[in-house]
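Let's take a walk through this structure together, one region at a time. Have the viewer open and follow along as the residues come up.

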Amino acid sequence: MHILIIGGGIAGISAAWRLRNSGCDVTIIEARSFLGGRLCSYADRATGTPFDNGPHLFLSSYRATRALLKDMGIAESFTFPWLNSIPFRDSSSKKIRLHFRPMPAPWNLAAGLLTFPLLSGEARRRTVLTAHKLLSEAINPSLSAEKWLDSFWQNEERRIFWDPLIHATLNTSARNVSIRDLQTVIKEGFCKGLLGGRLGYAQEPLGTVFNTEVGITLEDAGIKVITNAKVTGITTLNNRITGVILKDGQHLECNAAVIAVPPWSLGFLQTSLPSYNTLKSEYKLDKWQPNPISSLYLWSDKRPIFDAFTCLPGQTAEWLFDFARIWGNRQAPICLLLGNIPEDHLKLDEKNNQIERIIAECTRLFPELKTVRWKHRQFITENRATPLRPSELWGKALPQTTPLNNMFLAGDWLNHLPPTVEAAVRSGERAAGGVLKKK
Ligand SMILES: Cc1cc2nc3c(=O)[nH]c(=O)nc-3n(C[C@H](O)[C@H](O)[C@H](O)COP(=O)(O)OP(=O)(O)OC[C@H]3O[C@@H](n4cnc5c(N)ncnc54)[C@H](O)[C@@H]3O)c2cc1C
């Protein structure tokens, strides 16, 4: 069996690995010059130092991802420290922590919230009750997180607890996601396991892990990787895919294929797949929206080192990530996560002034930064960071099959989980399973 995997993101990597482990001959075809897709780093033009396309958190409940990393021998590049608290800075620059008490989940989170000094007594009680409802009730997935929570939450806990949590874990605002997604985050992310969940991260730039290390591992395992090779069409016969056509006109044959790309990249099937319209309507391909994530990276010669991440509720940048701590490298930047602010919006509003204002806001919260001389900055927007599911598909599982018997879809948008690394890995495994069943 020669299988082609179109797309070298983590979904494609996961499918390739499973198929190779089952004895298939696998080739990954990637349009860009590197593997990893949305898990990537760039080199800063001025200093040559790397920075990620945006901070990525991995939850300890990412079962499939962690198993894949372990099997590929790259699990040591990640850490999942036991967090006994999440640091916060409030508008008066006070350091405050949301503690996870040493009790079985979910009591560890509940006890922490009930003593969380940033919330008033009433807001703490409402937050715990809301979290309890999310953990214990069957909920209607067709409601947005905002609609469902509107009846419980007040402005205070929304600004300080729920919005930063939703932005950090679902990468968008409460109105754009199903309440089911938030329920999954609370259940899987924070209340899974005896003491609840752990937040983890790569201890090296994402590009080093997902391009360099994974690339070497794949090639050592006999998986062929072709980069700078955009697929522009497929060839079919009797309801089966027989090969793909690359941008340079080359035709590569296959016995089966996994198309591991986001919904907005499936356009190449339009002219070459006779039943494209069936696929388009089944997956509502014209209704998915790309969701942007912006980050501001700041480099300086000397500065204090902070926690790996700190929540700044109600600020333009709601989270500060310290890559000096994350990578153990004092030259690495601070990253202010700006969420859904698109770069164009900043340009319209005089980008530089806005950036100065954001830096000033951050310095107000971290007086330790007052004497720091910022050497360099880099603003980055990933315009297509995550796919926003159309509301008619909220709570629905997508089949990953296509009108062709031997072609399956993979990607973070196809799993029942929110669009995350874990969703992508699981979808890759499922697509590989589909291929193997048809073998
Ligand atoms: C800034 C940012 C922050 C994020 N934070 C988190 C987080 O904290 N935690 C988390 O779990 N997730 C996070 N995510 C989401 C996570 O990165 C994605 O869910 C995951 O990487 C998606 O993997 P994928 O393989 O499905 O898609 P992709 O990574 O997009 O891979 C698809 C690949 O297909 C290639 N391709 C497309 N078209 C073609 C073609 N025609 N021919 C050949 N190749 C093609 C693309 O170049 C790409 O490499 C974040 C994403 C971003 C951008």
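With 7 C-beta neighbours inside 10 Å, Asn238 counts as exposed. Please keep in mind throughout that this is a predicted model. Asn238 is found in the loop that runs between strand E11 (231-237) and strand E12 (240-246). Its backbone is worth a look: phi is positive, about 45°, although the residue is not a glycine.

Asn228 sits in the loop between strand E10 (224-226) and strand E11 (231-237). Is Asn228 buried, exposed or partly exposed? It is partly exposed, because 13 other C-beta atoms lie within 10 Å of Asn228, and a residue needs 12 or fewer to count as exposed.

Now step back to the overall layout. The protein is divided into domain 1 (2-39 + 206-288 + 392-437), domain 2 (99-195) and domain 3 (289-388). Between the C-alpha centres of domain 1 and domain 2 there are 34 Å. Where these two meet, 4 residues of domain 1 are in contact with 8 residues of domain 2. The side of domain 1 that touches domain 2 has 3 nonpolar residues, 1 polar residue and no charged ones.

Next comes the ligand. There are 36 residues around the ligand, and those that come nearest are Gly7, Gly9, Gly37, Gly54 and Thr420. Which domains each supply at least three residues of this shell? Domain 1 and domain 3 do. In terms of secondary structure, helix H1 (10-21), strand E19 (374-388) and helix H14 (421-437) each contribute at least two residues to the shell. By class, the shell divides into 17 nonpolar, 13 polar and 6 charged residues.

H14 has 17 residues and reaches 25 Å from its first C-alpha to its last, close to the 24 Å expected at 1.5 Å a residue. Of those 17 residues, 14 are buried, so the helix is largely enclosed by the rest of the structure.

Not counting residues up to four places away in sequence, Val258 touches Ile3, Ile5, Gly12, Ala15, Phe408, Ala410, Ala431, Ala432 and Val435.

Where does H6 bend? The bend, about 40°, is at Trp162, and a proline, Pro164, follows within four residues. Both Trp162 and Pro164 are among the buried residues of H6, which also include Glu157, Arg158, Phe161 and Leu165. The helix's buried residues pack against helices H4 (121-136), H5 (145-150) and H7 (179-190), and against strands E16 (309-311), E17 (319-322) and E18 (334-339). Asn171 follows H6, and its phi is positive, near 60°.

Turn now to helix H3 (residues 107-114), which holds Leu113. In the loop between strand E8 (95-99) and H3 you will find Pro106, and the peptide bond joining Ala105 and Pro106 is cis, with omega about 5°. Leu113 itself is buried, with 24 other C-beta atoms within 10 Å. Leaving aside residues up to four places away in sequence, Leu113 touches Arg124, Thr127 and Val128. Thr127 is 14 residues from Leu113 along the chain, and their C-alpha atoms are 7.5 Å apart.

Our last stop is Thr363, in helix H13 (residues 351-365). Thr363 is partly exposed, with 16 other C-beta atoms within 10 Å. Apart from its neighbours within four places in sequence, Thr363 is in contact with Leu369 and Lys370. The C-alpha atoms of Thr363 and Ser93 are separated by 9.2 Å, although the two residues are 270 apart along the chain.

Methods: Residues are numbered from 1 along each chain as its sequence is written. This is a predicted model: local features need pLDDT of at least 70, side-chain atom pairs count only at pLDDT 80 or more; totals for chains, interfaces and linings use all residues. A residue is near a molecule or strand if its C-beta atom, placed from the backbone, lies within 6 Å of it. Ala, Val, Leu, Ile, Met, Phe, Trp, Tyr, Cys and Pro count as nonpolar, Asp, Glu, Lys and Arg as charged, and the others, Gly among them, as polar. Domain bounds come from an automatic or database domain assignment. The bend at a residue is the angle between axes fitted to the seven residues ending there and the seven starting there. A residue is buried if 20 or more other C-beta atoms lie within 10 Å of its own, exposed if 12 or fewer, and partly exposed in between; C-beta atoms are placed from the backbone. Two residues are in contact if their C-beta atoms, placed from the backbone, lie within 7 Å. The expected span of a helix is 1.5 Å times one less than its number of residues.
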